[in-house]
Amino acid sequence: HKEGNYQVGCIGVHSFSINRVGKPWLGGDIYGTGVPVAAVALQPGVHTIFARVRAMVQGQIRCRASPAEGAQRLLVHPQTYVPDYVEGHFVGEGIIALPVTNMDATYWLLSVTAALAKPGSPPVALEPP
């Protein structure tokens, strides 16, 4: 592969890291949703993935990396899994879950703004401020 940003996801683990144990720990896809969960800047060469596993009778770990060039900076995912309760409120009582992945390994998201659209109107795009 060539140097650049890559979308990396590991299914079947709670967290993983690349090339160094826990530097940093990246969120895994323990439920197998298939959503890429991290953007990582990689150099050409062989890379080692370290994963946190819990004792289990049987399990499988599957990781995938694909180039992020041309991908949107922010990906908004369907609400497949949402929390029931957030900071003292049930989701749906004035709170929604908005799963977002930052696909640029060199750009930190400090604040993201979203707006609600009227039913039947085109979807609203998310943009960093």
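Reader: What makes Val-100 partly exposed?

Author: This is a predicted model, and here the relative accessible area of Val-100 comes to 32%. Buried means under 20%, and exposed means over 50%. The value of 32% lies in between, so Val-100 is called partly exposed.

Reader: Where is Val-100 found?

Author: Val-100 is in strand S10, residues 100-102.

Reader: Which residues make the nonpolar surface patch?

Author: Val-76, Ile-96, Leu-98 and Val-100 make the patch, with an area of about 330 Å². A patch residue needs over 30% relative accessible area. Val-100 has 32%, so Val-100 passes that cut-off.

Reader: How do you know that Cys-10 and Cys-63 form a disulfide?

Author: Their sulfur atoms are 2.0 Å apart. The cut-off is within 2.5 Å, so the pair counts as a disulfide. The structure holds 1 disulfide.

Reader: What kind of bond is a disulfide?

Author: A disulfide is a covalent bond that joins the sulfur atoms of two cysteines.

Reader: Is the link of Cys-10 and Cys-63 right-handed or left-handed?

Author: The link is right-handed, with 115° about the S-S bond.

Reader: What does the pair tie together?

Author: Cys-10 lies in strand S1, and Cys-63 lies in strand S6. The pair therefore ties together parts that are 53 residues apart in sequence.

Reader: Why does Cys-10 count as buried?

Author: Cys-10 has 0% relative accessibility. Buried means under 20%, so Cys-10 is buried.

Reader: And is Cys-63 buried, partly exposed or exposed?

Author: Cys-63 has a relative accessible area of 33%. That value lies between 20% and 50%, so Cys-63 is partly exposed.

Reader: What is the strand order in the sheet that holds S1?

Author: The order is S4-S1-S6. This open sheet has 3 strands, and the pairing is antiparallel.

Reader: Why do S4 and S6 stand at the edges?

Author: Strand S4 (38-42) and strand S6 (62-67) each have a single partner strand, so one side of each is left without a neighbour in the sheet. Neighbouring strands of this sheet are turned by 35° against each other on average, direction ignored.

Reader: How do you know that S1 and S4 pair?

Author: Strand S1, residues 4-11, joins S4 over 5 bridges. Pairing takes at least two bridges, so S1 and S4 pair. Their sense is antiparallel. Gln-7 stands opposite Ala-39 in S4.

Reader: What makes S2 and S3 a pair?

Author: Strand S2, residues 15-18, is joined to S3 by 2 bridges. At least two are needed, so S2 and S3 pair. Phe-16 stands opposite Leu-26 in S3. These strands belong to an open sheet in the order S3-S2-S5.

How values were computed:
Residues are numbered from 1 along each chain as its sequence is written. This is a predicted model: local features need pLDDT of at least 70, side-chain atom pairs count only at pLDDT 80 or more; totals for chains, interfaces and linings use all residues. Side-chain values use heavy atoms; hydrogens and water are left out. Helices (H or I, at least four residues) and strands (E, at least two) are DSSP runs, numbered from the N terminus. Axes are lines fitted to C-alpha atoms, for helices over the stretch in contact, and angles run from 0 to 180 degrees between N-to-C directions. Patches are made of residues with over 30% relative accessible area and no salt bridge: like charges are joined within 9 Å, nonpolar side chains (Val, Leu, Ile, Met, Phe, Trp, Tyr) within 5 Å. Accessible areas come from the Shrake-Rupley method with a 1.4 Å probe; for residues, only the protein chains shown count as cover. A salt bridge is a side-chain nitrogen of Lys or Arg within 4 Å of a carboxyl oxygen of Asp or Glu. Buried means under 20% relative accessible area, exposed over 50%, partly exposed in between (1.4 Å probe, protein chains only).
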